[in-house]
Amino acid sequence: MESKKHHVPTRSVGTSGSTNLKTETFFHWEDGLKLTKAGLAVDFRRRQPRAFISHAHSDHIGRHEYALCTPETAALYQLRLGPRTTRHLPYREPLEWRGLRLTTYPAGHCLGSAMLLAEDGDESLLYTGDFKLGESATAERAELPHADILVIESTYGTPAYRLPPRGETIEKFLALVRQTLENESTPVILTYALGKSQEVTKILTSSGIGVVQHRTVFDVSEVYERCGMSLGGFELFEGRVEPGKALVVPPGMGHLDKIGCQTRFAVTGWAIEPSAKYRLRVDHAIPLSDHADYDELLEAVKIVHPRVVYCTHGPESFVERVRDIGFDAHPLGRPSQGRLF
Ligand SMILES: [Zn+2]
C-alpha cells in the first residue's frame with residue numbers, strides 16, 4: 001500500500017533563510033488527511049474502513065465502516081446517516097488505538113465538535129477540524145493542547161474575516177427581533193440546521209422569545225436535548241407561528257408565504273460582507289459565526305506553538321501570515337470555496 005501514499009514533503013525555513021527538505025511520516029495525504037500508522041482517515045466524505053469524525057456537518061461525514069468520534073457527534077452522525085458503527089471518544093479521555101494515543105478536545109464549533117490530538121511516542125499532531133475559540137451558547141469552549149504538528153482548518157484566513165464582538169452582535173440581533181415582533185411581523189431566521197440554529201434558539205429563548213423550528217432543525221435540536229444541552233422553549237413548525245415567536249429554518253427553506261408578514265434574518269459569519277443581505281435576500285444579516293475568525297486562527301497557532309503548521313482549505317496568504325509570525329507553515333489540500341452560510 002506504500003505506493004498509494006503521498007508523503008508530504010515540506011520545506012523548513014531556518015532563521016538564516018536557508019531551506020532543507022524533510023518528509024512527514026506522521027500523516028500522509030490521500031485526497032484527505034490520513035494518520036499513517038493507524039490508517040485513520042480524518043473527516044473524509046468517502047467511505048473509509050476507519051475514520052475520525054470531528055463533527056457532524058455534512059462536509060465532514062461519510063458512510064464509514066467504523067468511525068471514531070465523540071458520543072454527541074455519534075448521535076448527530078446517526079441522525080443524518082442512520083445506524084453506523086462508532087467508537088466513542090469522549091473529550092479528554094485518551095484511547096490507545098492501533099499504535100497511537102488519541103484524545104479529543106472541545107472545538108467550540110457545535111455540539112460534540114472535537115479537535116483530535118494524536119500522539120506517537122514523543123511526537124504529536126493536533127487536527128483542529130472546524131473550530132471557534134470564543135464563547136458559544138451551545139458548544140463547549142475550545143481547548144487547544146500543545147502539539148508538534150498542527151493541521152489547522154483555515155477557510156476564514158483572510159483579514160476581511162474579522163468579526164465584531166459577539167456580545168454586541170447578539171444585542172443588536174435581539175433588538176431587531178424584538179422590534180420585528182412589536183411591528184407584528186414574524187422573524188424568520190435562516191441559518192444552518194446543525195449548530196447555528198440551536199445556538200440562535202438558545203439565545204432567543206434565554207431572552208424570553210419563543211422559537212418555532214423547521215422539522216430539519218427540530219430533529220437536530222432533539223438530539224441536543226438528549227445529550228443534555230437544553231435549548232429552552234422551542235416547538236415544531238406545523239404551518240403557523242404564534243404572535244411573539246420567531247421561526248428558525250435552514251437556508252433554502254424560507255419560502256413561507258403562508259405565515260404572512262415576515263422579516264427575514266440570515267445568521268452567518270459571511271454577514272460581515274457589506275453586500276451580504278442583498279446576496280442572501282434578507283432584511284438583516286447577522287455576523288454570528290461558529291468558526292474562528294482571522295485573529296482567532298492566528299491566536300490558535302500561537303497557543304498550540306507547533307514545530308510546523310499545515311493549513312487546510314484556506315488561502316495561500318494565510319500560510320504566509322503564519323510564517324510572518326515565526327512558524328514553519330505549509331498549505332495542505334485544495335482551498336475550498338467560501339459558503340454563504
Ligand atoms: Zn462545521
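## Working through the fold, piece by piece

The buried residues of α1 pack against β6 (67-69), β7 (86-88), β10 (114-120) and α4 (215-226). Here, a residue is buried if 20 or more other C-beta atoms lie within 10 Å of its own, exposed if 12 or fewer, and partly exposed in between, with C-beta atoms placed from the backbone. Helices (H or I, at least four residues) and strands (E, at least two) are DSSP runs, numbered from the N terminus.

This is a predicted model: local features need pLDDT of at least 70, side-chain atom pairs count only at pLDDT 80 or more, and totals for chains, interfaces and linings use all residues. Numbering starts from 1 along each chain as its sequence is written.

**Exercise 1.** Find the buried residues of helix α1, and see what follows the helix.

- Step 1: Go to residues 71-81, the span of α1.
- Step 2: Pick out the buried ones: Glu 72, Thr 73, Ala 74, Ala 75, Leu 76 and Tyr 77.
- Step 3: Step past the helix to Gly 82, whose phi is positive, near 80°.

**Exercise 2.** Where does Gly 157 lie, and why does Gly 157 count as buried?

- Step 1: Look in the loop between β12 (149-153) and α2 (166-182); that's where Gly 157 lies.
- Step 2: Count neighbours: Gly 157 has 25 C-beta neighbours inside 10 Å, so it counts as buried.
- Step 3: Check contacts (C-beta atoms, placed from the backbone, within 7 Å). Leaving aside neighbours within four places in sequence, Gly 157 touches Tyr 294, Leu 297, Cys 311, Gly 314, Pro 315 and Phe 318.
- Step 4: Now try Asp 295: it sits 138 residues from Gly 157 in sequence, but their C-alpha atoms are 8.5 Å apart.

**Exercise 3.** Describe how domain 1 and domain 2 meet.

- Step 1: Get the bounds, which come from an automatic or database domain assignment: domain 1 is 2-160 + 291-332, and domain 2 is 166-286.
- Step 2: Take the centres over C-alpha atoms; 31 Å separate them.
- Step 3: Tally the contacts: 16 residues of domain 1 meet 15 residues of domain 2.
- Step 4: Sort the domain 1 side: eight nonpolar, six polar and two charged. Ala, Val, Leu, Ile, Met, Phe, Trp, Tyr, Cys and Pro count as nonpolar, Asp, Glu, Lys and Arg as charged, and the others, Gly among them, as polar.

Notes:
Two residues are in contact if their C-beta atoms, placed from the backbone, lie within 7 Å.
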